[in-house]
Structures are given as C-alpha cells and as structure tokens.
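Please open the model in a viewer and colour it by confidence.

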Amino acid sequence: ASIRDAFLERLCARAARLRPGDPLDPRTRLGAVASGAQLAQNLRHVEAALAEGATLRVGGRQVHGPTGRGFFME
C-alpha cells in the first residue's frame with residue numbers, strides 16, 4: 001500500500017502540472033480533445049465514475065485552451 005500511495009502522489013503531482021497547449025508546439029504535453037462530442041463523452045465518463053463512488057484526484061473538468069478555442073480537458 002505504501003508503494004501504491006507514493007506512486008499515486010507522484011503521478012497526481014505530475015498530472016497537475018500539465019497545462020493545455022497548442023498541439024503543434026513540441027513543448028505541449030496536453031493537447032485538445034478531438035471534438036466537442038468526444039469532450040462531452042469524456043466529461044460524462046468522469047461524472048458516471050464519480051456517481052459510482054470514484055475519487056477524482058486531478059483534472060476532470062473542461063478548461064479553455066491557450067487561444068480560448070478548442071476542446072480541452074484537465
């Protein structure tokens with residue numbers, strides 16, 4: 001359990017540092033979701049998991065991209 005907890009802490013800390021960016025920029029590590037429909041489906045999956053008792057540790061929300069356009073999710 002201690003190895004799992006340490007791993008999850010490090011994973012969540014790293015994921016929390018990811019910011020959406022231009023997918024054509026080689027420094028970007030978190031690009032846009034393919035479409036509005038896919039973003040909506042991803043958000044529904046998060047909501048369903050939460051409704052079933054999942055714990056959200058990082059992300060899970062829609063956010064604005066670097067230009068204010070596009071379909072981005074934490």
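Begin with helix α2 (residues 36-51), where confidence is highest in the chain, at a mean of 97; strand β1 (residues 62-63) has the lowest, at 92. The score is pLDDT, the predictor's confidence in each residue, from 0 to 100. Helices (H or I, at least four residues) and strands (E, at least two) are DSSP runs, numbered from the N terminus. Over the chain the average pLDDT is 92, and 100% of the residues score at least 70.

This is a predicted model, in which local features need pLDDT of at least 70 and side-chain atom pairs count only at pLDDT 80 or more, while totals for chains, interfaces and linings use all residues. Residues are numbered from 1 along each chain as its sequence is written, and side-chain values use heavy atoms, with hydrogens and water left out.

Next, display the salt bridges (a side-chain nitrogen of Lys or Arg within 4 Å of a carboxyl oxygen of Asp or Glu). The whole structure contains 3 of them.

Select Arg61 and Glu74: their closest N and O atoms are 2.8 Å apart. Arg61 belongs to the loop between α2 and β1 and Glu74 to the segment after β2 (72-73), so this pair ties together parts 13 residues apart in sequence. Arg61 is exposed, at 52% relative accessible area, and Glu74 is partly exposed, at 38%. Here buried means under 20%, exposed over 50%, and partly exposed in between (1.4 Å probe, protein chains only).

Move to Arg27 and Asp25, whose closest N and O atoms are 2.8 Å apart in a salt bridge. Arg27 is exposed at 69%; Asp25 is partly exposed at 22%.

Finally, select Arg4 and Asp5, a salt bridge with its closest N and O atoms 3.3 Å apart. Asp5 is partly exposed, at 37%.
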